[in-house]
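Hello,

Here is the structure I promised to pass on to you. Have a look at it first, and then read my notes below.

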Amino acid sequence: MTKLRLPVTVFTCARDPRDLFTVEDLLEFLDEWPPARRGPLREEVRRLCLAVYAGEATVEEARAAFVAFARLMNVLEPTFDAVPGYDMPKGREVASN
């Protein structure tokens with residue numbers, strides 16, 4: 001099992017929140033994704049998750065790609081706490097005073 005440093009919270013089809021703790025959880029969620037909604041982005045994120053096992057990507061790279069996918073697909077749980085500098089895309093970091 002390949003554990004994420006920080007879990008990701010997404011919505012399921014029933015709109016229930018679901019916490020994902022491992023790369024296996026990410027892959028399971030992607031495999032449950034409706035076939036009619038699958039596209040190149042989902043496939044790229046899935047390939048990146050699988051690349052973790054081949055040592056071609058890190059767990060955190062896979063997590064970051066999944067978070068971006070979930071955000072774009074509007075399934076990232078709205079109260080998901082983005083960690084500035086960790087979950088925010090480059091150039092969108094929260095400024096500190």
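Of the 97 residues of the protein chain, 36% count as buried, where buried means under 20% relative accessible area, exposed over 50% and partly exposed in between, with a 1.4 Å probe and protein chains only. Please keep in mind that this is a predicted model, in which local features need pLDDT of at least 70 and side-chain atom pairs count only at pLDDT 80 or more, while totals for chains, interfaces and linings use all residues. Residues are numbered from 1 along each chain as its sequence is written, and side-chain values use heavy atoms, with hydrogens and water left out.

The overall layout

The protein chain has three helices and two strands, and from the N terminus on they run β-β-α-α-α. Helices (H or I, at least four residues) and strands (E, at least two) are DSSP runs, numbered from the N terminus. Among contacts between residues at least 6 apart in sequence, 44% join residues at least 24 apart; a contact means heavy atoms within 4.5 Å.

The core

The largest nonpolar core has 24 residues, and V8, V10, V23, F29, V45, C49 and F66 have the most contacts inside it. Such a core is a set of buried Ala, Val, Leu, Ile, Met, Phe, Trp, Tyr and Cys residues joined through side-chain atoms within 4.5 Å. At least two of its residues come from each of β1 (3–11), α1 (23–32), α2 (40–53) and α3 (59–72). The largest share, seven residues, is supplied by α3.

V10 lies in strand β1 and is buried, with a relative accessible area of 0%. Leaving aside neighbours within four places in sequence, V10 has contacts that include F29, F66, A70 and L76. V10 and L76 are 66 residues apart in sequence, yet 4.4 Å apart in space, C-alpha to C-alpha.

α2 has 14 residues and reaches 21 Å from its first C-alpha to its last, close to the 20 Å expected at 1.5 Å a residue; the expected span is 1.5 Å times one less than the number of residues. Its buried residues are R42, V45, C49, A51 and V52, and they pack against α1 and α3. With neighbours within four places in sequence left aside, V45 is in contact with L30, A65, F66 and F69. G55, with a positive phi near 75°, follows α2.

In α3, the buried residues are V59, A62, R63, A65, F66, V67, F69 and A70. They pack against β1, β2 (17–22), α1 and α2. Just after α3 comes N74, with a positive phi of about 60°. Most residues other than glycine have a negative phi. N74 counts as exposed, at 57% relative accessibility.

The pocket

What lines the largest pocket? The lining residues are F11, T12, C13, R15, R18, F29, E32, W33, P34, R37 and V75. By class, six are nonpolar, one is polar and four are charged. Here Ala, Val, Leu, Ile, Met, Phe, Trp, Tyr, Cys and Pro count as nonpolar, Asp, Glu, Lys and Arg as charged, and the others, Gly among them, as polar. On a 1 Å grid over the protein atoms alone, a pocket is an open set of points where a 1.4 Å probe fits, with protein on both sides within 12 Å along at least five of seven lines, and lining residues have an atom within 4 Å of a point.

Best wishes
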